Amino acid sequence: MKFTFLGTGDAAGVPVYGCDCMACQRATHNLSYQRKNCSALLESMQSRILLDAGLTDLCQRFVPGDLSAIVLTHFHPDHVQGLFHLRWGNGAKIQVFCPPDPEGCADLYKNCGLLEFNHLQAFQPLQLGDICLTPLPLIHSKLTFGYLIEDQHRQCIAYLTDTVGLPTDSLDFLRQRDVDALVIDCSHPPDTQGRNHNNLTQVLDLIYDIKPKQTWLTHLSHKMDVWLMQNPLPDHLNVAFDQQHLLLHAAT
C-alpha cells in the first residue's frame, strides 16, 4: 500500500498570505516547504483513493476514471473545495464517501453534478477494492471521521485529521490494533492550546496510548513550522511534507 501526502497544511497553508515569519519566508523561496490543504492519496493493486478534496486543481491532477473513490473526513471548505469545480465535469459518477453530516458544505448536496455522496457510519468498515477503511469519530467543530486504513496484507494506517484529542471509543478501538503508521493532526506547537486541532503535547499523549510503529505529523500551521525550525523532535516522530511518500511493505 502506497500513501502519498498531497497536502500537509492547515486551512491557511504555508506560506500564509501576508506573513513574513521564518517558515513563510522559507516556503516562499523553497517550494519544497510549501504546504497545501491537508489531503492524501492511497494506492494499492486494486484501488486509488483520494482522502479529502481540498486541493483546487483536482481536475488537472486526475483524469476521468483515475480514482476509485473520494473519501472525506468532513465538510469544512479546506477539505472539500476542490469538489465545487470537479462536480460539473462529464462522465461516470464519482463515488464520494463521507460522514453523515446533514448540512454538507454550501450546495454540494443540492447541486452534486457527477458526484454521488454516500454517508458512512462510525466503526462500520468500507471496502474499496483491496483497501478497507473504518470510520473513527474525531473531536472537531464539525462532524468528522478519521480512518483506520488496512490493506490485504494487514498493513495498517491510522489517518486522524482534523481533531483535538480523540473520543474514548475511537481511542479504545485503536489501542486494540497494531498500527503501522499514525498520521496525525499536529497544527500547533506545544505551548499553544487549539480548540479544534492537536498541539504537539496532545500528539505525544496519543502516541503513548496508540503505540504506532511510526508517526507522521500533518495539518501543520506556519507557527508549528517555525517551532520545528527551532526545536528538535523525538526520533520516533516524522514531519510530513507535500508529495512525500509513505510506503508500507507486506510483512514477510
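Strands E8 and E9 run antiparallel and are joined by seven bridges; strands here are DSSP runs of E, at least two residues long, and helices are runs of H or I of at least four, numbered from the N terminus. Two strands count as paired if DSSP finds at least two bridges between them. Within E9, Tyr147 is the bridge partner of Pro135. The model is predicted, so local features need pLDDT of at least 70 and side-chain atom pairs count only at pLDDT 80 or more, while totals for chains, interfaces and linings use all residues. Residues are numbered from 1 along each chain as its sequence is written, and side-chain values use heavy atoms, with hydrogens and water left out.

E8 covers residues 131-137, and seven of its seven residues are buried (under 20% relative accessible area, with exposed over 50% and partly exposed in between, for a 1.4 Å probe and protein chains only). Ile131, Leu133, Pro135 and Pro137 lie on one side, and Cys132, Thr134 and Leu136 on the other. E7 also pairs with E8, antiparallel over three bridges, and Leu128 has Ile131 as its bridge partner. Two residues separate E7 and E8 in a hairpin, where Gly129 in the turn has a positive phi of about 65°.

Glu150 stands opposite Cys156 in E10.
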